[in-house]
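Reader: I would like to go through the packing and ring contacts of this chain. Please keep the answers brief.

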Amino acid sequence: MGLPWGCGRPSLTGHARGLLTSLVTLHLLRLGSAQLRVEGPGHPVTATVGQDVVLPCHLSPQRDAHSLDVRWIRDRISKTVHHYRNGEDLYGEQMGAYSGRTELVRDGLSAGSLDLRITGLRPSDDGQYVCTVGDADAYAEAIVELEVSATGADPHLSLGGYEAGGIRVLCRSAGWYPLPQLLWRDARGQHLSSVSQTHSQDQEGLFEIEGAVIMTGSMEGPLSCVVRNNHLQQERKFSLHIAAPFFHNAQPWMVALALVPVLFVVSIGLGVYLFRKQVAQSRELAAKKDAKLVEKSAEIDEKAARLDEQAAELETQAAELAWRKFLLPHNTVKVTLDPDTAHPQLVVSQDNCSVRRESERQQVPDTPERFDRWWCVLGREEFREGRHCWLVEVEGKRLKDSRWAVGVARASVNRKGYFKMTPEQSIFAVEYNEGHLTSLTSPPTPFSLSPVPTRIWVCLDCTQQQVSFINADNRVEIFTFTAASFNGESIRPWFWVETLGTQLCLRDSTPQTLSPALGASCPSPATPASPLLGPAGPAQE
């Protein structure tokens, strides 16, 4: 069994443990996908900033991939780089940074090639990509590492003045990625130690590096500055020769002796100059201080904004890892329907695994446990602690025009009369209504999903009092009720079907692969032989 999810205070160890759990889950996905295998290049793909690159990925053994669902993502956190399904490119979930820059190479699809082309490479494209592919029966993925590099301009050398008995020499070069190495060499090729070295990045992510060295008169021959890109094994070099007379001026006593007559001549003029400039310099200094304060304030605001972005990114990753923990084998349960709670117009299958609404009203006893106004039915199982997940699939001839909802409810949920389907009325669910998916919050929260999923994981965490809904087709989180108040009650699965002919099916959620469920459609409930009622609408007694 895994450790209790969410226990204790957040820590680096907690994130590492969550990441390990996620990796174990993904490993289980691969083990169960023997029918579909994906292979990457097995080595990093290298490319240069500004060029185009093709990330290779293919099915093994070869098969036609035109009808598959292919998704390229970044860093295992479900950020979509490119999405292809059934011959169409889907851009609804694509990261903005890749807009208009990606395409699936269609020429090789017949032979099982899933290659992705990225145009106009940027430094930010550097990193890990995951090639995922799935169909109705299986799911598989492969990792492709992309190393982006850029070779910068030739180094520029300049003199910085006398220092420590020698001359300070500066070397600067820009346009590199990743951060290059800056080396100093004397005429014999021996390395010299830098007295300082700094670097910065421009808006495009390219690095500029600057280093300094003190050159003394004891050094013979030219001084060389070398800037190297270790990824590409490329370097830029520039050499500088400093004449011997420059080093004589580096001796402090000789400098002082040379300045004595000069200082005598200009001392009076210098005093007058300083007196006249005193007020102006004071004002200029104050203005510079004000400008520095403004610049510092802007830097602080920029750093705060970056920290906010990083915090949001970490929160997103934590949420991603959180619902992935739900889908571990020991958290999935078999859920069945309780016919004694079903509305009279709902027909439950003999194995209690599917339900649909019919126009005819069944002859069933009107007990306190049975819903009499809304077309609802509860699951038999009751949960008080731990984490539990089950898979629900919607079937019907006109799903786009249907209306249904799935979720959980407190055991004390009202069964009689009309009531609002909200957390305040003991229900935590998502509703589908004629092409749109909405969470039944107060007020409801609509989602922009395309296409709307018809296979949904319902995940209940009694300890954290949370209810999550996950798209079973692409494993993307739909919505989570956080801090759902269960009031210490038992929680039961809850289902609602309004549209005639629409059927909700409870799939066997034993996760051989945690991929799209296998098998045929769920068994259809027997049609009741009761008198036909009037047009569909809220149920009548």
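Reader: How many helices and strands does the secondary structure of the chain come to?
Author: The model is predicted, and the counts are computed from it. The secondary structure comes to three helices and 32 strands.

Reader: What share of the contacts with a separation of 6 or more joins residues 24 or more positions apart?
Author: The chain has 541 residues, and 43% of them are buried. Among the contacts with a separation of 6 or more, the share from residues 24 or more positions apart is 66%.

Reader: Which residues touch the most other members of the largest nonpolar core?
Author: The largest nonpolar core has 52 residues. Apart from it lies another core of 30 residues, including L55, L59, A65 and A138.

Reader: Is the aromatic pair of Y177 and F207 stacked or edge-to-face?
Author: Y177 lies in the loop between strand 13 and strand 14, while F207 belongs to strand 17, 30 residues apart. Both residues are buried. The ring centres are 6.0 Å apart and the planes make an angle of 25°. Planes under 30 degrees apart count as stacked, so the pair Y177 and F207 is stacked.

Reader: Why does the pair of W374 and Y418 tie together parts that are apart in sequence, and how many residues apart are they?
Author: The pair is edge-to-face, at 5.4 Å centre to centre and 75° between the planes. W374 is in the loop between strand 21 and strand 22, and Y418 is in the loop between strand 24 and strand 25, so the parts tied together are apart in sequence by 44 residues.

Reader: Which charged end sits over the ring of Y418?
Author: R415 lies over the face of F371, 5.7 Å from the ring centre. Over the ring of Y418, at 5.8 Å from its centre, sits the charged end of R373.

Reader: Which residues do ring pairs link into a cluster?
Author: The structure holds 11 aromatic pairs. The cluster linked by ring pairs consists of F428, F447, F469, F479, F481 and F486.

Definitions and conventions
Residues numbered from 1 in each chain as written. Predicted model: local features only at pLDDT ≥ 70, side-chain atom pairs only at ≥ 80, totals over all residues. Heavy atoms only, no water. Helix = DSSP H or I, 4+ residues; strand = E, 2+ residues; numbered from the N terminus. Buried < 20%, exposed > 50% of the residue type's maximum accessible area, 1.4 Å probe, protein only. Contact = heavy atoms within 4.5 Å. Core = buried A, V, L, I, M, F, W, Y, C linked by side-chain atoms within 4.5 Å. Phe/Tyr/Trp six-rings, centres within 6.5 Å; stacked < 30°, edge-to-face > 60°. Lys NZ or Arg CZ within 6 Å of the ring centre and 35° of its normal.
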